[in-house]
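Hi,

Here's the structure I promised to send over. Have a look, and my notes follow below.

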Amino acid sequence: MTIQGKAIAVRHERIDEAAAGQRIDNFLMRLAKGVPKSHIYRILRGGEVRVNGRRVQQTYRLVEGDEVRIPPIRVAQPTASAPAPAGKPLPVAWEDDALVVVDKPAGKAVHGGSGVSYGVIEQLRSQRPEARMLELAHRLDRETSGLLIIAKKRSALTALHDMMREGRMEKRYLTLVPGRWNNPLQHIKVPLFKYLTPDGERRVRVSEEGKPSHSIVRLLRRWARFSLLEVELKTGRTHQIRVHLAHLGFPLCGDDKYGDFALNKKLEGEGLKRMFLHAASLRFRHPLSGEELELSSPLPDDLQAFIDHLDAEDAPENG
C-alpha cells in the first residue's frame, strides 16, 4: 500500500482463516500502521474500500475467501526501530494450531508501549516469523507472573473473547496479603472505575461510576503476619484483584501502586522483591475443538522462596 511515504497501486487482499472474523476497520488499521484512524474511516465511508466488489460498513466482519480492494494510502515514512530481540523461548504450558499458552515471567510486559519497547507478544512474533497470526487473548500486569493465552487464529481469538465476556473461562490467581484474612470464601462485588493520573499513569478505584466487577476469594493458608489467597476472576477489569483487596484493607504484598509502601520496603529486605501475584490456573473449553483444558502453573521460585521463609519463621495455620 505504501513504501517509505509514497502511495503505490491499488492492492487486493484475499482473506484467509487467520484474518476471518475481524472487523474491516481493524483489518485496515493493522495493514496500514501509522495511518490515522480518521483516514481509514474516510476511505470506508467514501466506498474506496470494497469487499467482493461491494461497499461495506466499518463494522463488517471479514469472511474467509473475501477479496478486499484497498486503495493507495499515503503515510509518513516511519522512523526505523530495532526489531524485538528473539531472546530465549518462553515456557509453553499448552500449544496447538489455534492457540499457545505461555508461562509469563514477572517483570516482562505483555506488549510494548508506556516506556516499554517490546513485550511477550513482540518477542513471540520475533521467535516465530512463520506464524500468520499471534494476538494476545487477554493481558497480565507486568509484575504478574503466570499463564497467558495467545491466539494463533482469528476464529480462536473471537471465541476466547466471547468466553471471557460471558464468564465461561475460569481464571485463578495466587496472592499474599498482610494481616489475617478470616473468611474461607468471600465474594467481592464492587464497581471499578479506570482513570489517568495527572502524569498520565493508568489507575483504578472503587466508584459507582465504574463497571461491575466480581472476584471470589478463598483462604488457602495463614501465618501470624500474612494470608495466602486464591482469587477467581468472574470479570476481568484492569487491576481488579489489586484494587478489590486493597479496598477491603488487604493490599497485595509488593504492590507498588495500591500497596503499603512501608511494608513493601520491609518485605524487600526479607526477600520479596516484587508484587506477589501469580496467574496459577486456567480452565476453559478449547475455542475450536470444545475439548476441556485445565492448565496450571506452580509458584515461581522467588514467590515460593518467600513462602518457605514464612514457613521457617512461623508455621502456617490451616485455612
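Which side chain meets that of Glu 170 in a salt bridge at 3.0 Å, N to O? That would be Arg 172. By salt bridge I mean a side-chain nitrogen of Lys or Arg within 4 Å of a carboxyl oxygen of Asp or Glu.

Before going on: this is a predicted model, where local features need pLDDT of at least 70, side-chain atom pairs count only at pLDDT 80 or more, and totals for chains, interfaces and linings use all residues. Residues are numbered from 1 along each chain as its sequence is written, and side-chain values use heavy atoms, with hydrogens and water left out.

Back to Glu 170: its side chain also meets Arg 283 in a salt bridge (3.1 Å, N to O). Glu 170 lies in strand β10 and Arg 283 in strand β16, so this pair ties together parts 113 residues apart in sequence. Strands here are DSSP E runs of at least two residues, helices are H or I runs of at least four, and both are numbered from the N terminus.

As for burial (buried is under 20% relative accessible area, exposed over 50%, partly exposed in between; 1.4 Å probe, protein chains only), Glu 170 counts as buried at 18%, while Arg 283 is partly exposed at 33%. Arg 172 is buried too.

Another pair is Asp 302 with Arg 274 (3.0 Å, N to O). Asp 302 sits in helix α7, Arg 274 in the loop between α6 and β16, 28 residues apart.

Cheers
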